[in-house]
Amino acid sequence: MQAGLQTKETGPVGSLEDAAEPLLELRAVTKTFGEVTALARLDATIARGEFVTVVGPSGCGKSTLFNIVAGLEEPDTGGVLRFEGRSCHAADLLGQVSFMPQRDLLLPWRNVVDNAILALEVEGVPRQQARAQALRMLPEFGLAGFENQYPHQLSGGMRQRVALMRTFLFERGLMLLDEPFGALDALTRAMMQRWLLDVWQKYRRTILFITHDVDEAIFLGDRVLVMTARPGSVKLEQVVDLPRPRRPEIVTAPEFIRLKRILLEAIEEESIKSFQSATVREQTS
Amino acid sequence: MSAAVMASPSLAAQRGILGAVLLVAAWEGLARGLDLPSYVLPAVSDILASIWSNRMLLTQAAGYTLFEALAGYGVGCLIGIALAVVITMLPPVRSVMLPIATAINSVPVVGYSPLILLWFGIGVASKVVMVAMAVSFTVFLSTLAGFDRVDRRAVDLLRSFGAGRFKILFRLRLPTALPLMLTAMRVSTVRSVIVAIVTEMLGAYGGLGWIIYQAVLQIDFVQVWSAIFVASAISLTFFGLIGAIERRILFWT
């Protein structure tokens, strides 16, 4: 099932780090929930400083993959999980990975700054120090002057930026972003994508980013992983060799279109499979 | 409704005041116009006059009842919240505790009053225990429902930051439960005064319930109404106060 052609490719363009040892490595990771196999022998590696995007048909186990990497869910025995070169349990990753779920999940009783420092507070950083750190970061996240506002007073894009800031302030080797811009309108999303790339290049974090939008996956990623229909594994690993920094008009470049065609084809195949298996299940039940 | 009446002179408040004035006027007119005997319905003016002339006695009784209600209320809220916290922190306890709590709660708390009077005497202690029982169940069940209302994904988010149970409790569960918890505490204010008075009527050395009971024996119905009026005033003030605190705390809802 794992058709992943393992391309030990050059790291992100301009990366000076040695990518010989991957930051995160998953080998034959399987996860079943009762009768349902969500992930089946999934292999993936992420190098330091890399921006990896994951696309796949709905219900392909992307979220299960994320929950495992975030440490929230333990995979079935038999697979290998390595982080920073050490073999580990998923639970060891709790507090080691900065995780941003689909919904912003801002706490309505905390203002912008106090929402942003939530992770730091949990870590035990004194509040005043954490607040000062967050205040310095506000302009970069387009939130200057909004520090004392509460979530219900903010637009969807701003709430998402607060959530991203919370994720960035929790400085960990790996950032997990689960469709962070899924709920935003197209214009805001495009702006947020460019902005995220700027921030990523400045801070040089490693990012694993789930999306269902192929354009977004290519535009952002150094590498795109296409997942198979359930049970999920990596169907295709596509290196995106587009120059950085990426301009918005890159989406019309021939190379971009070529990559998009390859990816869409792979996703299409899997979508049909997952659609058919769903139909079969309906008929048999 | 009455909380809104006390808080701000809004349109709702004006309507509330108007309603109260109309009710009192109709009452007065009915009692005077039909010349109703006092055991049916005394006039409001007679009741107010009686309150004034018995002010020493009523103030003392009100203080007695208020102390019982407040002490029981405080203890009850603490017990209710503490139980909900324990059950949430130790999930196995839940399946043991919840059926017991539900079983005890399925009988009106007044049903336990003979036993409580027997165990704690007819002094203040039995009233405090009764009020605490009534309040703690309401607060317990609501607080638990509030804890359960927490977003699973928010819990996961905090876990991913490395937060343990206590950090999740203080940073997420308690604030999430606050709206329900405070609603239960507001509703319990009135309940605490009612339970204190009812228990006093079953045996006491003082308090508004005791006055009502004595007045009935002496066929003094104006006095009964006086005590009821004072009790209502206490209940409404208590209710309004907790309601105002609630609105201050829950600025985000």
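Two residues count as in contact here if their C-beta atoms, placed from the backbone, lie within 7 Å. Keep that cut-off at hand for the tour. The model is predicted, so local features need pLDDT of at least 70 and side-chain atom pairs count only at pLDDT 80 or more, while totals for chains, interfaces and linings use all residues. Residues are numbered from 1 along each chain as its sequence is written, and chains are lettered from A, with ligands numbered from 1, in the order in which they are written.

**Stop 1: the domains of chain A**

Colour residues 1–96 + 175–251 of chain A as domain 1 and 103–171 as domain 2; these bounds come from an automatic or database domain assignment. The C-alpha centres of domain 1 and domain 2 of chain A are 25 Å apart. Where they touch, nine residues of domain 1 of chain A meet seven residues of domain 2 of chain A. Now select helix H6 (residues 186–203) of chain A: on the domain 1 side of this contact, H6 gives the most, with four residues. Helices (H or I, at least four residues) and strands (E, at least two) are DSSP runs, numbered from the N terminus. By class, that domain 1 side has eight nonpolar residues, one polar and no charged ones. Ala, Val, Leu, Ile, Met, Phe, Trp, Tyr, Cys and Pro count as nonpolar, Asp, Glu, Lys and Arg as charged, and the others, Gly among them, as polar.

**Stop 2: a sheet in chain A**

Next, show the open sheet of four strands in chain A, ordered S2-S1-S4-S5 with antiparallel pairing. Strands S2 (36–46) and S5 (86–87) of chain A stand at the edges with a single partner strand each, so one side of each has no neighbour in the sheet. Strands pair if DSSP finds at least two bridges between them. Zoom in on S4 (residues 80–83) of chain A, which is joined to the antiparallel S5(A) by two bridges. Phe83(A) stands opposite Arg86(A) in S5(A).

**Stop 3: where chain B meets chain A**

This contact takes 19 residues from chain A and 14 residues from chain B. On the chain B side, select H8 (152–160) and H9 (165–201), which each supply at least two residues. The largest share of that side, seven residues, comes from H8(B).

**Stop 4: a helix pair in chain B**

Finally, pick H4 (residues 55–89) and H7 (residues 124–148) of chain B, which pack at an angle of about 35° with axes 6 Å apart. The axes are lines fitted to C-alpha atoms over the stretch in contact, and angles run from 0 to 180 degrees between N-to-C directions. Their contact has 22 nonpolar, six polar and two charged residues.
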